Amino acid sequence: MLFSFILYTCALFADGATDAANSVTGAVSSKAIKISVACAFSALLTFIGCIIFCTFFPAVFENTAAVWEIDKRLAPIALCASLAAVSLWSLIAWIMGLPTSEGHALVSSAAGSALALSGRISTFHFTFAALGMIPVLLICFASSVLFTKILAKINMGEKTKKYLVIASTALSSILHGAQDGQKFLALAMGMALFSKDKAFQMVVFTGLIMSLGTILAGQRIIKSMGESAAPSTIESALAADIASCLSLIVLTFFGIIASTTHAKMTALAAASRAAGEKVSVSTLLLMLLAWIATFPLCFALSFFLSKLFYIIFL
């Protein structure tokens, strides 16, 4: 159980370093806020989002938990294998500066573990999680271009735009905590890391470790997205945040498993291009390949680790 808890902590930290950091890339690349301040800002609001949504709006938690079902005797092995797979994949992505989705890595890893240990997998929920990113990307792309065009025609002062970017960035960070906090907690409870009477303590712990990951290691991903892939103007950063936040608000309240990384990166690239900024196509393609690879690689890695841990520990 201690080993499971350590792996859970590592995976949460990795999520904060690679995923939560995406929430502030638009504000940083548009010079609305300094990168060091942005990391602390994102960390605090990720924590708040995790607490509020896990406590009062747990629809994503319920749908994530429905993806798999496993015998309690094998649950610790499945949890260790899943979290080890997520942590390893996150480390590779962090080294390469790629903003992968730890939420999707978590779902696919848990499904791989469940299958390896003869657990039940909900084909519907797993397929929905895997393919659900496609309409999200299309919606974020189209709405981000639209909002960029609209904002270009509205006469606002630079200070007003700056404050709006910071406000939309705050909402984006809250929604990340809402989405990924619930996904991690669903895995932890489904695989017997904690009981219902310890639920609130685990919610606080989950939000706290994600926040620490953002503060201590989030700058690498912010630079990769905001400076290399899609540098933003104030207008394009604001348009991207509005587009991604509106999409994520709807998805989160309806309990749909979504990636804040996918939504934010697509919106940011579309808005920057619509505003006439140069977008690195090669960097975007590399990120897209990383997203696509997440499901099969994490599934296979977790499947293999589950078999290995089963042989070692049972």
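**Exercise 1.** Which residues does Leucine 187 touch, not counting residues up to four places away in sequence?

*Solution.* Begin with the kind of model: this is a predicted model, in which local features need pLDDT of at least 70 and side-chain atom pairs count only at pLDDT 80 or more, while totals for chains, interfaces and linings use all residues. Residues are numbered from 1 along each chain as its sequence is written, and side-chain values use heavy atoms, with hydrogens and water left out. Next, apply the contact rule, heavy atoms within 4.5 Å; Leucine 187 then touches Trp68, Leu79, Ser82, Leu83, Leu106 and Ala110.

**Exercise 2.** Find which members of the largest nonpolar core touch the most other members.

*Solution.* A nonpolar core is a set of buried Ala, Val, Leu, Ile, Met, Phe, Trp, Tyr and Cys residues joined through side-chain atoms within 4.5 Å, where buried means under 20% relative accessible area with a 1.4 Å probe, protein chains only. Among the 49 residues of this core, Tyr8, Leu83, Leu187 and Met191 touch the most other members. Several elements give two or more residues to the core, including helix H1 (2-18), helix H5 (75-96) and helix H9 (158-190), and the largest share, 11 residues, comes from H5.

**Exercise 3.** Check why the length of helix H10 agrees with expectation.

*Solution.* Helices are DSSP runs (H or I, at least four residues) numbered from the N terminus, and the expected span is 1.5 Å times one less than the number of residues. The 19 residues of H10 (residues 199-217) should therefore span 27 Å, and the end C-alpha atoms are 27 Å apart, which agrees. Finally, the buried residues of H10 include Met202, Phe205 and Ala217.

Definitions and conventions: Buried < 20%, exposed > 50% of the residue type's maximum accessible area, 1.4 Å probe, protein only.
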